[in-house]
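Biologist: Hello! Could you walk me through this structure, one question at a time?

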Amino acid sequence: METASTTVITTENLTRTFGVNVAVNALTVTIQAGEVFGFLGHNGAGKTTTVRLLNGVIAPTAGAARIFGLDPTTHGHRIRARTGVLTETPALDNRMTARDTLRYFAEVYGVPVGERTRRIDELLGVFELGNRAGSKVGGFSKGMRQRLALARTLIHDPDIIFLDEPTSGLDPVAIREVHHLIEQLSHRGRTVFLCTHNLAEAERLCDRVAVLAQGRVLAIGATQELGRQLNRGHRVSVEINADDLARALHLFTQTPRVSLAEPAADRAMTRNGSVLIVLHGVGRADVPHLVRAAVEQGLDLYRIQPEAPTLEDVYFALQEL
Amino acid sequence: MNWGAVWAIARKDVGLALRTRAVVLPLIIVPLVLMVGVPVLVGLISGMAVQLDVASTDMEEIARALPPGFGEQYAGLSEVQAGYIYFIVYLFAPMYLVLPLMASAVVAADSFAGEKERKTLEALVYSPTTDRELLFAKILGAWIPGVLVGLGGFVAYTLVANAMTYYVASRIVLPNPLWLLLAFWVGPAAAALGLGITVIASSRVNTFQEAYQIGSLVVLPVVLLVIGQAAGVFILSNWLVVLVGLLLWGFVALVFVIAAASFRRTTLMARL
């Protein structure tokens, strides 16, 4: 296993085309050991192709990658021995039982004979498949299949785990367990490369994210950092008397640096005769000025709170660029 | 070579193929029909002909079409009795090759195209095997059943054919050198050829049925061998069987080179 400061993945202008379609366009990224790295993008943005390139199962059209310092095009098998890949579809054989599936992949990945049974039992327990260990996969629900595929991904305790939409098809309880598992993997120093279009998931789990569109990386960084870079997504919530709504919207629209003033979309925010207004483009530093302006205009101000940009803000801002 | 992974993949392919009805049915029906049904049916007809004495006992009439020494070896037999032995030992011999060809082709179709069809290939492609190891594992997983079905068919045919030749002509005729060469030299080559052709076909199609149908075309030369021998163009001899085996192994080498070129994970994954 790599130490916390070790670079485990580097790419430089990594590019892959299929005919005229550019699936991955000049990807340059560096990922450290122990990092949970989010790869965000719509379907077809190039996430799965990137995973395939990094594992040496397809060749790049241009550029280069190094995983554990190895070139995937020439040392793919050595890289794959230390990576686990949860594919977008579970890729399980319906004719095999859960236990046979794990035993088979334990053999293929060279898990020592003496450890196999313990490891299989442990993973069946973690993913709550113990009571269905002898059942054929063909009879499994979508969630059970996804959990078994996750167990298969971890059977050889890989150093880098590539997860392509890991919570797709899972119920909320299972999603929470997968999130907990990713956090545990990170705490144990494993690197997680998380492909997702679930922004809340990425925001919760990832140390850094790369936002992709049409094969091109639009931005890389921590959510807060990206928000600062873009100067987008900062906002202030202001709770005022509902009777003052029209005056307040007029006032804040005229206030310098407020790009947009609008009532909160969530009607549940309105309560006790008050209403919540969201002011875009302003942040914590602007709060005193906003308070003074509101008081000078005689608005009944109940609460004012700066809010950090969410990944959703960043994502959509980047897509608009 | 990562033998642990190779053996695991091959063993899994064999095990799952034997649990699949579309694979198992031809593996049972074809040997039963060819190696048991045909010799029994022709034997029963020949036996009745002998009992009814419907044929002449003049061997010289048919001696020109028989292998050298056959007339002397089976002197005193009626035309029907000698004809049946000729059918069992020589005429039907090429048909035996259908068994290893078909068996390996059907398992290979399940292993290669079937894996694509079931969308299970991607998980395997991410395994820590090289392209060569993966191909070798897949080939081994199809070749072993092909060889075993061939050898099983040989044993079954030997037992049934001997029972029937004893019934028709009171003779035990198998195994002889020609059939031993077929079973242990040509049969394994035929199994390898059947699966090699199917591997190439599988890289271009996406379903088990398509791959199996294309792979099955490889039995056509066997039919030509049967027709050629029946028409008197040639008669199988030990040396000819050795030569056929050599040619087949040569084809196998060529086919495997092409198969290796078509079975690269970078190519396979680009198509998924």
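Modeller: Gladly, and a definition comes first: two strands pair if DSSP finds at least two bridges between them. Helices (H or I, at least four residues) and strands (E, at least two) are DSSP runs, numbered from the N terminus. This is a predicted model, where local features need pLDDT of at least 70, side-chain atom pairs count only at pLDDT 80 or more, and totals for chains, interfaces and linings use all residues. Residues are numbered from 1 along each chain as its sequence is written, while chains are lettered from A and ligands numbered from 1 in the order in which they are written.

Biologist: How many bridges join strand 3 of chain A to strand 8 of chain A?

Modeller: Strand 8 spans residues 208–213, and the two strands run parallel. One of the bridges links Phe39(A) to Ala210(A). The number of bridges between strand 3 and strand 8 of chain A is 4.

Biologist: Which residue of strand 7 of chain A is the bridge partner of Val36(A)?

Modeller: Strand 3 of chain A also runs parallel to strand 7 (residues 191–196), with 5 bridges. There, the partner of Val36(A) is Val192(A).
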